[in-house]
Structures are given as structure tokens and as C-alpha cells.
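The stops below are intended to be visited in order.

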Amino acid sequence: MAVTVLVTGGTGYIGGEVIDQLLARGYSVNTTVRNKKKSELRLRARWPDAGERLKVFQADLMSDDGWAEANAGCDAVAHVASPFPLGVPKDKNELVVPAREGTLRALRFAKAAGVTRFVQTSSAAAIAYGHPEKDHFDHTDWTNLDAGVPPYIESKTVAERAARDWAAENAPGMVFCSVNPVAVFGPVDNDDLSTSTEMLKQIIDGSIPLLPNMGISVCDVRDVGKAHVLAIEAPADRIRGERFPTATKFMWISEMAEAVRRRTPEFASNVATKQMPDWLVKLLAPFVPTLKQVRSELGNVREVSGTHTEEVLGYKFIDPEQTLEDTARSLVEHGIVKL
Ligand code: NAP
């Protein structure tokens, strides 16, 4: 069993959850951050009792500095760090290059340090795009880059492909698998919200006054963390080369808003009830960066099955309405949504 695990991107939503669960199970954790001076105090405040079991290293996906130190003494790596912005960059390489190069860098340094297991946080972005004829997907599907997909989708697909090819060719002895979450929600620890949680916040605080006709598949950050931990712990033959989508249910934004209204009526006074007509999304998209992404998703169903993950790793995902309720409660408790 792994004893020390490197979790890259410890400041992130998912990275923090993976660290949380590993520390709770008795592991020692090394983690990378881009700015140690800025982030170490925050991480120590979150896990005040971790002491020497938590070590923080400065390492950027785009530089070799710090990676050898971060990997030293580690048995397994959960490679979570990757750029995940809310908007769309002008140049897709702002995302594609760090995602791909960063993953290969993490793999190279892991192999050099003798790491025997590498779990990459990929995404449903690498599964469910570029197939207009399909609306149901599972772990066997791959995003079709030839169809032309947004930069973030391309970055995750290219990074997972590159990682699998590199691991097969250069590190056959290292057990590699990926966790492929759909949109992640669940309790938050601070106001540095990830893209998916930011969207729910905007629904609850009323910043989204009309609900666009789009949907997303929902999963819970606690289930994403658990998939990483179980992938680190499971027998090698069970997880080698696997892809583990974490996904419960595809929900229209209007269904998510309805779930918030039903499960947390006390927080729902600002939640929009009316739909934004598709023509208005199209009209505003050139001027509102987030609506640009919404435009290409209008009316699309992208259901991703997580059944394979539940079966192979042996646990049941949290009910999606519970996830949304817990997210809403946590956003209010932390004062991130002010009512
Ligand atoms: P997040 O909170 O924004 O975390 C991203 C992490 O990556 C941060 O720790 C960030 O560090 C780090 N990072 C970004 N660029 C970096 C660079 N150049 N060098 C080093 N570190 C860098 O996002 P998240 O939701 O936790 O996402 C984590 C992973 O899950 C990503 O791989 C993302 O693609 C994947 N994912 C997320 C979702 C979702 O809905 N949240 C769904 C599917 C997959 P800083 O703090 O320094 O910025």
C-alpha cells in the first residue's frame, strides 16, 4: 500500500478534497502549489493537525523546478493540477500546452522517483465531445478532436491521450489510470471557486437572471476524491489502464435551479425561474464570454455513465440532489453566497 502520495494542485477544489481524504486515511501527503509563499499558510490552516504528514512544494506545470523534490519518497501520484478557467482564452495553447506538458512532466519526474502508481485527473471533457450524433457516453468513449472542440475540452483530451501513450511506452511498470469527472459540485472549503461551483453560486445569488437551455452532468467532489483514493489503493490488476468517470445524472440548468428551490427553499429567493430564450443567448454571446460557451451547448444532452467506476472501485455515488443541497448550504455557510 502507498504510504506517501504526491497530490499536484493542492490549492484546487479537487486537489484539496483528495488531500483531505488521504490525510484522514493516515497517508502522508506531498503537494505542489504554484506559489508556496501565498498558499502554504492556507493549506496548513485547513489541516492544522497534519504536521509533518503534509509537505508543500512549489512547482509549476511549465517548469522542471521543484518536481524532483516533490516526488522524492512518494509511492503514488494523484496528478490533479491543470488550468481550468471560467472563460475561453484567446489562444487555446494557454490551456493545451500546460495541460499536456505538465502531465508529461509529472509523469517523467514520478518515474524518475520510483513512483509505482499514477492517477491522472482527466475529465469527461476527454470522453463526451465532438459526437453530435450521441447523447450517452461511458468510459470507452473518447472526445473527437477532429470535430473542433473548445480549448479546455481539447486540453483535457490531449493531456489524457499523451499521458496514456507516454506511460505505455516509457513506464510499463508504473500502474496508470485516470479519473474522469463530469461537472463537480459539493461542499467548498473557501471562496476560490472552481468553474462548476461558480456557476451554481451564480444561480443561487441571482447573477444568472434567466436560465439558459443547457444542461450538465453532475458529480460530487467527495466521490471524485474517493475515486482517486480507491484507485491508489486497489489491486494493480483491477485498475491498470482504467478510466473512471465520476458522474451521477445529467440535469438541465432549470432542473438544478428547481432542485435548489426544493431542497433549500430558504436560500432560493434569488434563484431564477424563467428560461433564457435561445435567440437571446445567441444575440448576447459575442459580448458575454461565458455565454459564448453556453451557445455551443444549447439543447445538448451529454449523459456520462459512472456505473463502471462504481462497479470496479466498489462504492455508490452520492445522490445528485444531495450534492446540490450540500453545495448550496456550504456556499451560504462560508459567506460566499450572501442572502
Ligand atoms: P481548480 O480549483 O481551479 O484547481 C486547479 C489546480 O491546478 C489549482 O491547484 C491550480 O493552482 C493548479 N494549476 C493550474 N495551472 C497550473 C500550472 N501552470 N502549474 C501548476 N499548477 C497549476 O480546479 P478543480 O476543479 O479542482 O480542477 C482540478 C482538476 O480536475 C483539473 O485537472 C480539471 O481539469 C479537472 N476537472 C474538474 C472538473 C470540475 O468540474 N471542477 C471536472 C472535470 C475535471 P493555482 O492555485 O496556483 O492556480
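This is a predicted model: local features need pLDDT of at least 70, side-chain atom pairs count only at pLDDT 80 or more; totals for chains, interfaces and linings use all residues.

Residues are numbered from 1 along each chain as its sequence is written, and side-chain values use heavy atoms, with hydrogens and water left out.

**Nonpolar cores**

Select V7, L22, F185 and M256; of the 85 residues in the largest nonpolar core, these touch the most other members. Helix 7 (residues 221-233) gives the most to this core, with 7 residues. A second, separate core of 23 residues includes L104, A106, A110 and M174. A nonpolar core is a set of buried Ala, Val, Leu, Ile, Met, Phe, Trp, Tyr and Cys residues joined through side-chain atoms within 4.5 Å; buried means under 20% relative accessible area, with a 1.4 Å probe and protein chains only. Helices (H or I, at least four residues) and strands (E, at least two) are DSSP runs, numbered from the N terminus.

Now centre on L22. Its contacts (heavy atoms within 4.5 Å), leaving aside neighbours within four places in sequence, are V5, V7, Y27, V29, V229 and I232.

**Helix 4**

Select residues 93-112. Helix 4 has 20 residues and reaches 27 Å from its first C-alpha to its last, close to the 28 Å expected at 1.5 Å a residue; the expected span is 1.5 Å times one less than the number of residues. Its buried residues include L95, V96, R105 and F109. Just after the helix, G114 takes a positive phi of about 85 degrees.

**Two single residues**

Which residues does A259 contact beyond its neighbours within four places in sequence? They are M251, T264, E321 and L324. A259 is found in helix 9 (residues 253-263) and is buried, with a relative accessible area of 0%.

Next select S39 in helix 2 (residues 36-46). S39 is buried, at 7% relative accessible area, and it contacts T11 and V33, its neighbours within four places in sequence left aside.

**Second largest pocket**

Finally, select G130, S296, E297, N300 and R302, which lie nearest the centre of the second largest pocket among its 16 lining residues. A pocket is an open set of points on a 1 Å grid over the protein atoms alone, where a 1.4 Å probe fits, with protein on both sides within 12 Å along at least five of seven lines; lining residues have an atom within 4 Å of a point.

Conventions
Buried means under 20% relative accessible area, exposed over 50%, partly exposed in between (1.4 Å probe, protein chains only).
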